[in-house]
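Below is a set of questions and answers on one structure. Each answer ends on the value or name asked for.

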Amino acid sequence: MSIPMEFYLVVSTIMFFTGVYGFITRHNMLAILMSLELILNAVNVNFVVFNRFLFPGQMEGMFFSIFSIGVAAAETAVAIAIIINVFRNMKKIDTSEVKNMKY
Amino acid sequence: MEITASQIIFYILSAIIVGCSIMSVVSRKILRAATYLLFVLIATAGFYVLLNYHFLAAIQISVYVGGILVLFVFSIFLTSQVGEKMPQVKLSRRIAGLIVSLGGAALTLFVLLTQNYPYAAKVSESEIDMYAIGQSLMGTERFQYLLPFEAISVLLLACIITGILVARKK
Amino acid sequence: MEPYILIALFILIIPIFSFLLLGLLGSKMSHKTAGLIGTTGLFIVALLSYITAFHYFFSFGKVGETYEKFSASFQWLHLTDHLHIDLGVLLDPISSMMLVVISTVSLMVHIYSLGYMHGEKGFQRYYAFLSLFSFSMLGLVLAPNIFQMYIFWELVGVSSYLLIGFYYTKPSAVAASKKAFIVTRFADLGFLVGILILSYFTKTFDFNELTNVHGSIFHSHITTTFMGFSVFSWATLLIFMGGAGKSAMLPLHIWLPDAMEGPTPVSALIHAATMVVAGVYLVARLFPFYYFMTPHVLTVIAYIGAATSLFAAVVACTQTDIKRVLAFSTISQIAYMMVALGVSRYGADGEAGLGFMASMFHLFTHAFFKALLFLGAGAVIHAVHSNDMSDMGGLRKYLPITHITFLIACLSIAGIPPFSGFFSKDEILVAAFHKDIVLFACQYLVAGLTAFYMFRLYYNIFWGKENHYHHTPEEAGLNMTGPLMFLALLTVVTGFIPFARFVTSDGLKMETEMVWIVAIPSVLVGVLGIVIATIMYKKPTTISDKVATSMGGLYKAASHKFYFDELYMFVTKKIIFGLISGSIAWFDRHVVDGFMNFQAYWSNGLSSKIKGLQSGRLQQYAWVFAASVFVIAALVIF
Amino acid sequence: MNFLYLFVILPLLMMCGVAVLKQAKQVKILMLVGSGIILLTSFVLLYLFLQARAIDSVSPMLFRSDLMWYSAFNIKFSVGVDGISVLMIILSSIIVFTGSFISYSMQEQVKEYFLWFLMLAIGVFGFFITIDLFSMFFFYEIALIPMYLLIGLWGTGRKEYSAMKLTLMLMGGSAFLLLGILGIYFNSNGGNGNLTMNILEIAKTHIPVEAQNIFFPLTFLGFGVLGALFPFHTWSPDGHASAPTAVSMLHAGVLMKLGGYGCFRVAIYLMPEGAETYKILFLVLTGISVVYGAFGAVVQKDLKYINAYSSVSHCGLVLFALLMLNKTAMTGAVMQMLSHGLMTALFFALIGMIYGRTHTRLITEMGGLMKIMPFISVCWVIAGMASLGLPGLSGFVSEMTIFVGSFQHPDIFHRVITILACSSIVITAVYILRVVGKILLGPVFDEHHLALTDATWYEKIASVTLIISIAFIGMAPFISSNIISDSLTSIISRL
């Protein structure tokens, strides 16, 4: 293993905060969801990296990532279903315009 | 310091991840954003391979890329016109986002890079074999994950039902 | 004496009863009934007044050598341990004298109005108001305490307001009535404050105590001062301010000329004979107090009176509306009475109390001849349907009775013997002569001016160029000429009443004699005034215009009444309405209310800010969440 | 069963009746009859009170009775009246009576309107019969809430704004009041015994001076807001301008009196030393109210605004006189409450009648109404004369009592400020005569107005009732004055 752990972590950190940036700035619900995927992905990377470098004999990090991917899939499916439903009812998926359900 | 192939691959993957994730959150065309996300996810799978988690890489490709992203693309097609640009984000909002993300990144990186890690004495280079993974998933002993596995299954089932219920026409 | 108190009560009750009757049921009555009810009521009142006055002066009033005060009252409103407002009647020489004056003039006006107001819309209302006025005025003169006087003072103010504004569809009448009320109301404020101060220091409202020269008030030594003057000076000065308002003294005279917008008989009754002398009556009422406690205020009164009489006489020379000429003449004559009071001393020996007596005497005679003048003017106006001199001329042929009676009144006011005005005016001049030569000179000049402007009026109406009348003016019926003749008779005879025997400052009788050194010049100046007027106005000539132009600015100023109205208009419209009220209203709406609205505004703003935190915008939450996490993390780390 | 309960029970019964009845006409008739019965009851109360007073001339309050409400805090529903409360009850029932008559022409949502109207009446009556601080506050709040709805729903013009403003400002005042009441409550034991809300029992002890200095201004301000104390009076012009006629009447006629009544019954009676400390401050404020309200009224164009500002001036005089802390001035204050209540109710009734016909309240758009509606105009002139203090009507006696009483104060400051307050009578004359001259006299302004009719029978009954009451107080002031000053004796003895 010639690559130090920090390198991976730096990349995942950047990915995470890019996701955060996207989550905060995006207006489109789907884009927000994609930013969320970035965040989740960054977290998965971290699990795996810590598992590999710090506890190589165990598999918790990997399994956690697996489950996390599963949950992400489930979450995305439901979210997209909701978004499509919103779109069908309101003809838009822009967060600044979909206000009927606020307050 | 000699440069190994894995290092080169790592740098390439890192560049792809950083560049594409940034592009994915700033691109004003949603389909392009999804495409950049695809690259990020694939590169992440590359990371997993680099770390010798082949099974995980396979899941990443199949679930994320093959499932989730396709779902994204479908819903993008359903909800937006081709070539439609998302409106420019307000400057104040971008600055707010930048402050939080850059601040957070700086803080996190500071912590990351100043930390001493208790490295394992020997980092295993070997791949985890499928048998062990299967054992772990299908058992109820210590370090075995049947229960979460089943929970995820139920969750996915619930998701399927919910998806149908929510998305179907009245 | 008891029955006379009762009679005096009846004098008050009858008019108020007739007011209520006419006021409540008037609209259901015919004009004739209403007029009859009012006139009959007043007739009874007049009879009762004569009986009361006669018996007062000739039987029960005199105890020993002096005329005593008789009063009876009941407590109407308890205020403090010392102060309570009583209602009742007070009989003494001046109130008995005033009873006669008021009821006589009022009765004449009632009768006269039957003809003058014939067929007017609101005839019943007119008689109701006349009754109300008679009630208030009688109550005023009969008041046994200063607070009752104030009460009726206000009531005469209101009845005057109602009567000036009788033609309520005419904007000028409405404005005039409003002006009269507000100006006198302003003066009444002074009166009220004066009463408050006086009563605070003397602990009484009662005239008997206030004017009892042997009482404790006159021997107490209250030395409290306020802003450099003793409190009693303030009190009496402020009370005089009330009197000045009602009696149209400078500078509160502005309402009286405008008050001529009312029906002419009303002007005769209220604005010539009775209500406007209330100020004189008030000062006379409190005369011992003025004289002993605050003599310098009397001097002030004398000078204000002199200034007013001169001012009004000058203005009267330039007016063309005959009622306004008479109005200024009234102001001038009342000021004469004020001067007389101002120069008077207390007591009856020699010339001491001459001024007081002369003032009352002039009040008495003036009431009759001025009422006569107004009613005569009313007859003229009735005949030619105009108030303006230029619309008249040569009327002596058409209105013989009016002409003769008017002439008698003019001679009387000009001070020509043997008419009543001569006697009373002469006494005033004598009193002034003894006291202060400046005042005397001033009054002497006014006497000449009076003769001049009255005859200017007389010639302009009855002589001069004859106008073309649309229909021939003719003498009115007996109900109008009757009062004229009766009042002319009074004008001729009242001068011979030995007034000094009855009405003096201390109730003791005094003797007067002709002071030839004053009497002859005063007649001469009267004659001179008449002669000048004859030259200028008997035949249509251009002399008057030439004189007017040669006077230049003075004439212009006088014909504009020395711009007092403009000054007041400026003060009220611009300063009171615009500056004070306008800015207060603005201040209220914008600053005070603005402050309250600002409270609402900022709490609303704040709450919407707080509400904004719960916006439902997930991204905002996320931002806040993330930012907070990092901040907290940073705090933990560093 | 205490006789006084009738004043709460009768309106409650009427509420039930109104709720049951179906037709608007029946509701109105019930209101007329019911309010007539209340009026009669109040006169019976006066009669009974005078009789009881003749027997028992010592106790400060008669017809006492207590009902325990909440024993943990010793809160009772205590009732009792003295002469002043009796007069206030009579005033309220006259206004309720005339208000019902004026509302006879009400068209929309009659039932709901009268329900709220009666609830307002309950609040007012309840306030005057109780002598328990908590119950007072309770009824005070009961009176406030219907106001909001009555103005907000049945009002005119910017009604939502006005209703909101009025309610919020009065609620703000009652927040102060609540603080003040709690302050009194927690200092009411005088070092021993139970805490109590009962005014009579509190009056037996002595609230510590430090506590008085804190809670007097709070209580006084709390009631003062309702009594249109400068600068907390601005709800009054807007509120009155928007309120429906009968509500304006009840509000200006009675509810504003709650302020003055509370000021002396709670603030001054229970905390005399506090009053002594703060009176200069509040005298200046009320003095400003008096003159300022009068000047403010001079340039207004809307009839209701004129009357609202005049109310500020007259109610300012009430508080002004109360703060003089002597018997005569306080007698005058209570008489001024009665007088202003009747007078202003008459004014608002007449404004309502004119507005109902001409559909405008701007004096610039009217003229010569005397010719068109003589009855209303004559009533207006009478009301105006009462307002500017014509002797023989109620305004004069109350103002004179106040002025003479205030002037008896030995301190020069009080006398000077009294003279300043006196000057309001001139300004009052100015604005009253301005209105009379503009709208009643002069030529007819608008040809369309010629077709308008004069007052109807129910309007006549209402106006005549009020005028008779005004004239009665004005002609025979000794009756009310004696009742009031007798009742004031116990209050004065504490000062």
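Q: What percentage of the 638 residues in chain C is buried?
A: The model is predicted, with local features requiring pLDDT of at least 70 and side-chain atom pairs pLDDT 80 or more, while totals for chains, interfaces and linings use all residues. Residues are numbered from 1 along each chain as its sequence is written, and chains are lettered from A and ligands numbered from 1 in the order in which they are written. A residue is buried if 20 or more other C-beta atoms, placed from the backbone, lie within 10 Å of its own. In chain C the buried share is 58%.

Q: How many helices and strands does chain C have?
A: Helices (H or I, at least four residues) and strands (E, at least two) are DSSP runs, numbered from the N terminus. The C-alpha atoms of chain C fill a box of roughly 120 × 65 × 55 Å along the principal axes. Chain C has 24 helices and six strands.

Q: Which element gives the most to the side of chain C that touches chain D?
A: Residues are in contact if their C-beta atoms, placed from the backbone, lie within 7 Å. The contact takes 37 residues from chain C and 40 residues from chain D. Strand S3 (70-78) and helices H5 (146-164), H6 (171-202) and H23 (564-613) of chain C each supply at least two residues of the chain C side. With twelve residues, the element that gives the most is H6(C).

Q: How are helix H8 (residues 209-226) and helix H10 (residues 245-270) of chain D oriented, roughly parallel or roughly antiparallel?
A: Their axes, lines fitted to C-alpha atoms over the stretch in contact, come within 6 Å and cross at roughly 160°. Angles run from 0 to 180 degrees between N-to-C directions, and those over 145 count as roughly antiparallel. That makes the orientation of H8(D) to H10(D) roughly antiparallel.

Q: How many residues of the contact of H8(D) with H10(D) are nonpolar?
A: Among the residues that meet are D:Phe216 and D:Phe220 in H8(D), and D:Leu255 and D:Val266 in H10(D). Ala, Val, Leu, Ile, Met, Phe, Trp, Tyr, Cys and Pro count as nonpolar, Asp, Glu, Lys and Arg as charged, and the others, Gly among them, as polar. The contact has no charged residues and four polar ones, and the nonpolar residues number ten.

Key
Angles under 35 degrees count as roughly parallel, over 145 as roughly antiparallel, 65 to 115 as roughly perpendicular and the rest as oblique. Two residues are in contact if their C-beta atoms, placed from the backbone, lie within 7 Å. A residue is buried if 20 or more other C-beta atoms lie within 10 Å of its own, exposed if 12 or fewer, and partly exposed in between; C-beta atoms are placed from the backbone.
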